[in-house]
Amino acid sequence: MPIVEVSNLGKVYGSGSTAFAALEGITFSVEPGEFVAIVGPSGAGKTTLLKCLSGLMQPTSGSVTVFGKRVTRPPREVGVVFQDYSRSLMPWLTVRRNVEFPLGRAARRDPQKAARVDTALQSVGLADSHGKYPWQLSGGMQQRVAIARALAYEPSILIMDEPFASVDAQTRFELEDLVLRVKDEFGVTILFVTHDIDEAVYVSSRI
């Protein structure tokens, strides 16, 4: 059974003569354990699609279901890694506190949640950087923090919106391998948006 189903999805911005259809008639499904890449040029509506998939935006028409339930708000089963890691991390919190954030205030006192944070930091190679602040890290390391935060939340589905677009080529290659490794380690299903065809071919099982 598909865990994500998108049916005739459409999104229109504006109204009347200024209306613009960013998405129209999008239909596809995602099976458990798949790594699906969504490829398109800038302005094609990729980010709009992901916002609808993650419940951050309501479509104008059609529907998205996750585990058989229609998405009307962000589902508990979905984690998101945004393109602009510098804006998604809180600079006044340490790396560990950033990763703990979606787990709630009790994360520090809950041994089970603390272990989840430790595992996530270890998986992305940041176990020794837990006390640093985002502004003390390179761009690639900051994006690793964002990935660790999503993994600590233990989502069934990980949505990634051009997560490596702002890093250099060498770091991009390292992060691509990292995502492939953590996918196997954590058993998550991934929807990955990119405009880089080579990247899509390398990381995904379906485009």
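**Helix H4 and its neighbours**

The axes of helix H4 (residues 111-123) and helix H6 (residues 169-186) come within 11 Å of each other and cross at roughly 145 degrees. Here, axes are lines fitted to C-alpha atoms, for helices over the stretch in contact, and angles run from 0 to 180 degrees between N-to-C directions. Helices are DSSP runs (H or I, at least four residues) numbered from the N terminus. The model is a predicted one, where local features need pLDDT of at least 70 and side-chain atom pairs count only at pLDDT 80 or more, while totals for chains, interfaces and linings use all residues. Residues are numbered from 1 along each chain as its sequence is written, and side-chain values use heavy atoms, leaving out hydrogens and water.

On the H4 side, Thr119, Ala120 and Ser123 meet Leu178, Arg181, Val182, Glu185 and Phe186 of H6, with contact meaning heavy atoms within 4.5 Å. By class, that makes 4 nonpolar, 2 polar and 2 charged residues (Ala, Val, Leu, Ile, Met, Phe, Trp, Tyr, Cys and Pro count as nonpolar, Asp, Glu, Lys and Arg as charged, and the others, Gly among them, as polar).

H4 also pairs up with helix H5 (residues 139-152): their axes come within 8 Å and cross at roughly 140 degrees. Arg116, Val117, Ala120 and Leu121 of H4 make this contact with Ala148, Leu151 and Ala152 of H5. The tally for H4 with H5 is 6 nonpolar, no polar and 1 charged.

Serine 129 counts as buried because its relative accessibility is 9%, the cut-off being under 20% relative accessible area (1.4 Å probe, protein chains only). Leaving aside residues up to four places away in sequence, serine 129 touches Val95 and Met141.

Conventions:
Helix = DSSP H or I, 4+ residues; strand = E, 2+ residues; numbered from the N terminus. Buried < 20%, exposed > 50% of the residue type's maximum accessible area, 1.4 Å probe, protein only.
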